[in-house]
Amino acid sequence: MIDPVTLAVIQAGLQQVCDEMDLTFSRAAFSPVIAEADDRSDGIYSATDGSLIAQGSRGLPVFVGTMQFSTRHLVERIASGETLPPEPGDIYIVNDPYLGGTHLMDVRFAMPFWRNGEIFCWLSNTGHWPDTGGAVPGGFSASAISAEQEGLRLPPVKLFKRGQMDAEIYQIICSNIRVSEQRIGDVQAQASALLVGADRLTQLLDRYGDATVSEAIAHMRALAARQMRANLALIPEGRYHATATVDSDGVINEPLTIALSVTRAAESLTFDFAGSSPPCMGPMNSVRATTLSSVYLAMRHIFPDVPISAGAFEPLVITGIEGTFLDAHYPRPVSGCAAEVSQRIAEAVFAALVQALPDRVTAAPAGTSGNFGLGGHDPEKGRDYVMYQISGGGYGGNLHHDGLSNGCSTIGISKAPPVEIMEQSFPVLYRRYALHEGSGGAGQHRGGFGLDYEIELLRGSARASFVMDHGRTGPQGAQGGQDGAVNRVEVIRNGETLIPEHLSKAQDIPLSPGDRVRVRTPGGGGYGNPADRDPALVAEDIRLGRYDPATARRLWPGKA
Amino acid sequence: MGNLVAGVDVGGTFTDLVILNPDTGAVRLAKVPTSLPNQAPGVLNAFDTAGADLADLALIVHGTTTTTNAVLERALCKTGLITTLGFRDVLELGRRTRPHPYGMTGTFTPVIPRDLRLEIPERMDAQGRVLTPLDETALRAAIASLLDKGCESLCIHFLHAYANPAHEIRAAEIARELWPNPYITCGHHLLSESREFERGVTAAVNAAVQPLLERYVSRLAGELRRRGYPRDLLVMNGNGGMVEASKVSREAVKTVMSGPASGVMAALATGRRAGFPNLLTYDMGGTSTDVAMIRNGRAPVSNEIEVEYAMPIHVPMVDVRTVGAGGGSIARVDAGGMLRVGPESAGSTPGPICYGRGGTRVTISDANLILGRLPPDRFGQAAEDARRALQDQIAAPLGLSVEAAAEAVIRIANTHMAGAIRMVSISLGADPRDFALFAFGGAGPLHATALARELAIPRVLIPARPGITNALGCVVADLRHDFVRTINRPLDSADMDAVHAILAAQEQEGRRLIAAERIALTGVTAEFSADMQFVGQTHLLRIPLPSATPTRAELQERFEAAYHARFRVSLPSIRANLVNLNCSVIGHRPETDLSRLIDPAHRRAIAEPTGHRTVWFGTPHETPVYWRDHLPLSATIHGPAIIEQMDTTTLIDPGCTVTLDAEANLIVSVPQ
């Protein structure tokens, strides 16, 4: 029996191996999505079934759990002979969403870690590549109807063989993606992170012994499961229902429904998604790994103390996704799964569990990545460009205080780019970058405020695309609080205002110089009855211009 | 007039004073409680306690937490912001983040509230071309409105002012006609780099702490003058250099983080004299631990420090990283049965149980006490409470003895701190094994040898006065001015003549500022560096330059070598980008004799323990306890041992060996 101290020390040691891989990857990466926005994750996975042993604490939340599915698929494919077996120095590359992934842009590397001629475990990481081919630059095509339109799909293949990169595979990849000349830097960074992780893991094993570390890993899994179960005991037994809706799939303008009922039984928590909408035509499908990961990350937001480990997920049972858009199969398009559908799943989890854990769970956060893409030609610089503006929104109010304003997406941790950097890089002028006034949902503790920005095209022609959500209904209030404001997109062309048919999604709207795009992102849901709000706080919000007096009087009758 | 040099550092709990005679090395020390909110009475009390006649002092150097506290507690001056139309919320919106990766809660209070942030028509584009001229009528109205609302300080922050500051300069000219005091800060003045949030917060913080610092420093300087101190008071900056009190408030934001910087300066000076040019500094206090790296006798300076969530301060500051682990970090057994230490802390109130101030949860200090590592006689009844709590909260749930439980707490805390030190050194591109560990602060020397073992660091240096290191840093610090100029061009198209001209101008300005400061110096040197990356990257690598006239080939070569050393990757197909040119001009003060920090008169002929006590290192060890002031320079002590002194306790693990150097630093050899 391993002693509790050695156990805790090994747990911290494994965590540091992962954190060091995360740091190395970000520091060496070229793509700003990885280097600045940390849209990547690194972890250690079981040799036998790919289950999660440890994952970096600063990895992107949506990757919690996904790599264990992709590693499991890889292990199974090697066993069945579909994929060539590994040799020392090999690193596999894979981005197939249907093999335990998210969308095509999230490219996974997996490297077996060898001890005495045997695979001890797998090291794996995911990085969001800026482009993997497909109909639109960046991969977020709002109107794709099949996987082929979304980009190059790679099954697990060896990109590195016995320590050397396979130049032929690399050339095939580069011939199918945009801005390929800088990808070599990201590929090296992604591999370098795994090699650094292998060095550090070797040191840890040399120090504590392979048998002791293996025993610790088994115990860690059991302890994480125990800790999650102890947390679940805080939830009163019963069933909790919630729904969340995606505005549309981008192709057919009808809402998609996530129907969730959560049941607390003695030793487990069951998330049943039966009754959710069937697979959709457009790219708002989710794949199984992303759906499960979305539930896991929502639970980690509620219980941040539980370590990220397969054990923590054991008591969480997810059912009823078969036949719904939350478990799409090839060739359904899936580019919206990681950024948008995942956040609606998390919202449903929050909305169900805030009923059971009113002191821990918040009202719904804005829950959209707010992806606005602009592609065009800049005549002054004589070159084509692709610009992305991602934006935050208000967080939900909670038992203790008002929601945070302009927080990042539920599934991300990334910073938005500064206006000055955007204007240096692209032919646009920001007219406004401001609080979305009045957007916080009313409540005892109101939601945080979204963002209100307006961009003017200065020169050349361009096309605007949007993949956002919460345009139809705002983030849900909780415990008597009201919904936050909806996401609003307006395109002002020749002085006329156009609202996209799908509200939050559109592709290739042509723009000329002087045309403008205005986006107002959602506010967070309110928490608690507005009648219970301290009138001094209502007055303060009016004084600071966060609500105009008339709106405040309407939302908090008798308080302003 | 005398020739004594005084360093006085005001920390959260104590105000420390060191007075040193540079000719004889003679030292006087004082440690008194910090007075709050005005720190001046505490400072004067320290001088009284040390029995100092201020007329004998040639120089007083002061490290203050006035601005740090004001920022962290948001106890700021009423400050108004005038900014570009459409952008007043930049300071509140931040970069769309949240305080922690997991947990959808948190709050944020901007430096300047929304009703004091006013917009006026004006606009530059990213190239610095005027799109909308400055509306001077609107400007005057905004200034009048802010004065009307009772603002004391003014911040002017326009978009793209780094590219063309003309509007900010003109706006400040007009403001100076109308504003009743000199507290006007322009965004481009402190930081001429793009990123409107970071530049804006830096300027807003400067404006909001300027009057506070000015009032505090001038009151203190006046009081010192009244008591007979004839010279200028100097104040420590966060870059580890010092400036005259009369000038410090103009760039007040540079004093945020001055305390940790002076600790690093003391480590630098001590290490230089002791022959340790490569140090990891480890300052463990009650609630947090500060870690910094000294490489080749130099402390890295960073322009991108975030002092707390969404509070970036982008002026050159010694790169000190804070880890949330200190003597007050709380240990607990979680719901899964796993032992955890931190990040929760009992802080200084209520503090550890053993302090007897109402703490009820087991902390690192309590575990150290139970293991015999702290002197038990100082704690009395509270020691019993600590033992009982350890038994109930940790030992019983884990099925361990109290001592084994306490040891587990310490081991886990050490694992976390070692991990943090490792991450700091790796993020700065270094391997911790190539360094010596410089341990100070109240609790640093207690954990240092164990951490060194964990990190495979072969040697630990414990300075003579670990508990007053920051004050010593004030005594030994140099004059220093740092300059940053953003170029952001691919190296192959950079104008090298312009590069050389910028570096030369930076050096010249630094020398001019230092010459104006009337302080005795042994020389002035300039150091140059470039921040570089591959085109397309966002992170930077700092490349030291041998001179102000590097060739293009030299820059390319040095960058490639540094990149390969850090990431083990060569990227010959990608162009290098020259982002920043940096220059630090340093006015070197005369070397300070540190050999008498511990009075040699107290040294005994041989090292003899003052007693023994049982200390746990896996098993109980009968461990000799030495009084540090008694140790002869020739002493060699084999662990286990405890070395006590007025301001700290040093723990020497079994297997380690301690010797003393000429300045009575303890040098611990840690077997690997």
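**Reading a two-chain model, step by step**

Biologist: Let's start with one residue. Is Leu326(A) buried or exposed?

Modeller: Count the neighbours. A residue is buried if 20 or more other C-beta atoms lie within 10 Å of its own. Leu326(A) has 30 C-beta neighbours inside 10 Å, so it counts as buried. Keep in mind that this is a predicted model.

Biologist: Where does Leu326(A) sit in the chain?

Modeller: Look for the elements on either side of it. Leu326(A) belongs to the loop that links strand E11 (316-319) with helix H9 (337-353) of chain A.

Biologist: And which residues does Leu326(A) touch?

Modeller: Leaving out residues up to four places away in sequence, Leu326(A) touches Phe273(A), Ser276(A), Ser286(A), Thr291(A) and Ile321(A). Distance along the sequence and distance in space are separate things to check. For Leu326(A) and Asn285(A), the sequence gap is 41 residues, while their C-alpha atoms are 6.2 Å apart.

Biologist: You mentioned strand E11. Which sheet is E11 of chain A part of?

Modeller: Read a sheet by its strand order. Here the order is E8-E9-E10-E11 (chain A), an open sheet of 4 strands with mixed pairing. Strand E8 (238-246) and E11 of chain A are at the edges, each with a single partner strand, so one side of each has no neighbour in the sheet. From one strand to the next, the twist averages 20°.

Biologist: How many bridges join E10 to E11 in chain A?

Modeller: There are 4 bridges between strand E10 (residues 269-272) of chain A and E11(A), and these two run parallel. To see the pairing in the 3D view, find Phe271(A), which stands opposite Ile318(A) in E11(A).

Biologist: Now for another sheet in chain A. What is the strand order when 7 strands form an open sheet?

Modeller: That order is E2-E1-E5-E4-E3-E6-E7 (chain A), and the pairing is antiparallel. Strand E2 (52-55) and strand E7 (164-165) of chain A are the edge strands, each pairing on one side only. At the E2 end, strand E1 (residues 40-46) of chain A is joined to E2(A) by 3 bridges, and the two run antiparallel. Gly43(A) has Gln55(A) as its bridge partner in E2(A).

Biologist: Which strands does helix H1 of chain A touch?

Modeller: Helix H1 (residues 4-28) of chain A packs on the sheet against E1, E2 and strand E5 (118-128) of chain A, with its direction at about 145° to that of E1(A). Helix H5 (residues 183-208) of chain A packs on the sheet too, touching E1, strand E3 (91-94), strand E4 (106-115), E5 and strand E6 (157-161) of chain A.

Biologist: Over to chain B. How many helices and strands does chain B have?

Modeller: Chain B has 16 helices and 34 strands. Its radius of gyration is 26 Å, close to the 26 Å from the globule rule for 672 residues, so chain B is as compact as a globular protein of that length. Of those 672 residues, 55% are buried.

Biologist: Can you show me one hairpin? What does the pairing of E28 and E29 in chain B look like?

Modeller: Strand E28 (residues 611-617) and strand E29 (residues 619-627) of chain B pair in the antiparallel sense over 7 bridges. His612(B) stands opposite Pro624(B) in E29(B). The hairpin has 1 residue between the strands, and Gly618(B) takes a positive phi near 80° there.

Biologist: What does UniProt list for chain A?

Modeller: The UniProt record, an unreviewed entry, lists residues 3-530 of chain A as "domain: Hydantoinase B/oxoprolinase". That span is 27% helix and 24% strand.

Technical notes: Residues numbered from 1 in each chain as written. Chains lettered and ligands numbered in written order. Predicted model: local features only at pLDDT ≥ 70, side-chain atom pairs only at ≥ 80, totals over all residues. Pairing = 2+ DSSP bridges. Contact = placed C-beta atoms within 7 Å. Axes fitted to C-alpha atoms, helices over the stretch in contact; angles between N-to-C directions. UniProt positions renumbered as here; feature names shortened; annotations may be inferred. Rg over C-alpha atoms; globule rule 2.2 N^0.38 Å. Buried ≥ 20, exposed ≤ 12 C-beta atoms within 10 Å, placed from the backbone.
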